[in-house]
Amino acid sequence: RIGVPLKVERGQRVFPESDRSMDVVDALVDECRKVGCRFVRGTVKELLIEEDCVKGVSTAEGKDYLADAVLVCTGGKSYPATGSTGDGYALARQAGHTVTKLKPSLVPIVTNESYCTDMMGLSLKNVVLTVSDKNNSKITYSELGEMLFTHFGVSGPLVLSASSHMKQLGSGRKYRLAIDLKPALDEQKLEARILRDLTEQSNRDFEKIVAGLVPHSMVGVVLDKLGIPGELKAHSVTREQRHALVEILKKFPVSVTGPRPVREAIVTSGGIKVGEVQPATMESKKVRGLYFAGEVLDVDAYTGGFNLQIA
């Protein structure tokens, strides 16, 4: 409505048509100016509170600003380059609020395997990523989408969403990732296709057969995982080797070491306890005239505009 055309992508994720987040910022700032807001730059040191009622703020620059209401919307600890360095939590604690444990959410994942580094820059589209708990093999997340291999492990929309389901990520609890590289084919149909390729190209190297199934930078990794020499002729591939190829294509394994630091997360999980805030007005239940909004609160959601909608 204020001049940012939007588009809806898979999973009901909403983004600006321009793919520029600054268009959202600029539109909000322009709207503030239109309705008469005045911008003052400075660092708030503390809240001015008298008899459980907010009176304004005091800044590190030595100025007091008096006000009937103060809204703390400082963000979390993610993306510190934008100014979200956790200042809001200190202000909330000053007002007597509880701040729950802070953790990275929607965060890239560090992995054990060196082959993720070997495939750095490879983007996978239309794959299914499944997360399971190593302790009980329970599946905690499974979704179709896009992901990316990086110098430290894995990232991309699927991985960011998956990370929010790994509730004890970074606490020592172990998770296992499995990538279905061929979600459109079940194991039986995939094996039939591989058998056809092996039969029709019986004198070709096995490496060439694999190259027809996975991206170029994955070929060597798949062969290493299978323990099969790339120069093996297609007609010499055994049934067991064929089954092993199907298994790796349907459940390509990645072991999770932990999350990247909170400063690299899209959002911060944890924050001001929501039970201490009036849900209808966002006013503090402890200090009159004090309000909270956005990521400084203990709320977080998927990537794709959901956290902006919460804010």
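**Ground rules**

The model is predicted: local features need pLDDT of at least 70, side-chain atom pairs count only at pLDDT 80 or more, and totals for chains, interfaces and linings use all residues. Residues are numbered from 1 along each chain as its sequence is written, and side-chain values use heavy atoms, with hydrogens and water left out.

**Stop 1: the whole protein**

Show everything as a cartoon. The protein has nine helices and 15 strands. Its radius of gyration is 25 Å, well over the 19 Å from the globule rule for 311 residues, so the protein is more spread out than a compact globule. The radius is taken over C-alpha atoms, and the rule is 2.2 Å times the number of residues to the power 0.38. Helices (H or I, at least four residues) and strands (E, at least two) are DSSP runs, numbered from the N terminus.

The C-alpha trace spans about 85 × 45 × 35 Å along them.

Now colour by burial. Buried residues make up 40% of the 311 residues. The cut-offs are under 20% relative accessible area for buried, over 50% for exposed, and partly exposed in between (1.4 Å probe, protein chains only).

Then select the charges. There are 41 positive and 38 negative side chains, and the centres of the two sets lie 2 Å apart. Lys and Arg count as positive, Asp and Glu as negative; His and the chain ends are not counted. Each charge is placed at NZ of Lys, CZ of Arg, CG of Asp or CD of Glu.

A contact means heavy atoms within 4.5 Å.

**Stop 2: the loop between β3 and β4**

Glutamate 51 sits in the loop between β3 (44–50) and β4 (53–59). Its phi is positive, about 50°, although it is not a glycine. Glutamate 51 is exposed, at 75% relative accessible area.

Aspartate 52 is in the loop between β3 and β4 too. Leaving out residues up to four places away in sequence, aspartate 52 touches Lys286, Val287 and Arg288.

**Stop 3: methionine 282**

Go to the loop between β14 (267–269) and β15 (290–292), where methionine 282 lies. Its phi is near 70°, again a positive value in a residue other than glycine. Methionine 282 is partly exposed, at 30%.

**Stop 4: aspartate 19**

Select the loop between β2 (13–16) and α1 (21–34), which holds aspartate 19. Is aspartate 19 buried or exposed? It is exposed, with a relative accessible area of 53%. Its side chain joins that of lysine 7 in a polar contact of 3.0 Å. Such a contact is a pair of N or O atoms within 3.5 Å; within protein, one must be able to donate a hydrogen and the other to accept it, and residues adjacent in sequence count only if both atoms are side-chain atoms.

**Stop 5: serine 163**

Move to helix α4 (residues 157–163) and pick serine 163. Serine 163 is buried, at 5%. Which backbone nitrogen does its side chain reach at 2.9 Å? That of valine 107. The backbone nitrogen of leucine 106 lies 3.2 Å from a polar atom of the serine 163 side chain. Beyond four places in sequence, serine 163 touches Ser105, Leu106, Val107, Ile109 and Leu169.

**Stop 6: helix α7 and its cover**

Select α7 (residues 216–226). Its buried residues are Met218, Val219, Val221, Val222, Leu223 and Leu226. Their cover includes α3 (115–118), β9 (123–133), α6 (206–211), α8 and β13 (252–259). Just after α7, glycine 227 takes a positive phi of about 70°.

**Stop 7: arginine 242**

Finish in helix α8 (residues 239–250), at arginine 242. Arginine 242 is buried, at 14%. Its side chain makes a polar contact of 3.1 Å with the side chain of glutamate 191. Neighbours within four places aside, arginine 242 is in contact with Glu191, Ile194, Leu195, Leu198 and Val237.
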